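Take a look at the model below.

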Amino acid sequence: MIHTAVVIALIVVGAFFLTVGTIGLLRLPNVYNRMHATSKPTTLGTAAIFLAGFVHFGPGQEGLTALIGICFLFLTVPTGAHMIARAAEKIGIPFLGSVTWPDPSAVERTERAEETDD
């Protein structure tokens, strides 16, 4: 009984996050906001559903596949979102408002200052 309730709760949580990600994809104004709205909730929602599969099937073959799926998500989705954002910036899609990319020379100055402090 508790086992089934945990599986149902994880599926409901996963469906909620996937729905939020879908609404964000449809409602937000530009590629950067849409990318953020889809990557984070989709990762959490899909991970919750994979976790429900692990709870349901146990640590055997199917459960292990679910855990590997969660690891794959947490490794690939942030990387993909970052690559999409960098590609959008490189082709010239502007940010909204006064948001800008960090100045590369400022980052280099900070790194050099940290090295001299050591």
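Start with helix H2, which covers residues 31–57. H2 has 27 residues and reaches 38 Å from its first C-alpha to its last. That is close to the 39 Å expected at 1.5 Å a residue. Keep in mind that this is a predicted model.

Which residues of H2 are buried? Tyr 32, Met 35, Ala 37 and Ser 39 are among them. Pro 41, Thr 43 and Gly 45 are buried too. An α-helix has 3.6 residues a turn, so residues three or four places apart point the same way. What do the buried residues of H2 pack against? Their partners are helix H1, residues 2–27, and helix H3, residues 61–90. Just after H2 comes Gly 58, with a positive phi of about 85 degrees.

Now turn to the side chains. The largest nonpolar core has 5 residues. Its members are Tyr 32, Met 35, Ala 81, Ala 85 and Ala 88. H2 and H3 each supply at least two residues of this core. Which helix gives the largest share? H3 does, with 3 residues. Follow Met 35 in particular. Leaving aside residues up to four places away in sequence, Met 35 touches Ala 81, Ile 84 and Ala 85.

An unreviewed UniProt entry carries the annotation "transmembrane region" for residues 6–29, 41–58 and 64–85. How much helix does the model place in the span 41–58? The chain there is 94% helix and 0% strand. The end C-alpha atoms of residues 41–58 are 25 Å apart. The span 64–85 is 100% helix and 0% strand. Its end C-alpha atoms lie 32 Å apart.

Finally, step back to the whole protein. The model has 4 helices and 0 strands. From the N terminus on, the elements run α-α-α-α. Of the 118 residues, 22% count as buried, with buried meaning under 20% relative accessible area. The accessible surface comes to about 8,400 Å². Carbon and sulfur atoms hold 70% of that surface. The contacts of Met 35 with Ala 81, Ile 84 and Ala 85 give a local view of the packing.

Conventions. Residues numbered from 1 in each chain as written. Predicted model: local features only at pLDDT ≥ 70, side-chain atom pairs only at ≥ 80, totals over all residues. Heavy atoms only, no water. UniProt positions renumbered as here; feature names shortened; annotations may be inferred. Expected span 1.5 Å × (residues − 1). Buried < 20%, exposed > 50% of the residue type's maximum accessible area, 1.4 Å probe, protein only. Contact = heavy atoms within 4.5 Å. Core = buried A, V, L, I, M, F, W, Y, C linked by side-chain atoms within 4.5 Å. Areas by Shrake-Rupley, 256 points an atom, 1.4 Å probe, with all protein chains shown as cover.
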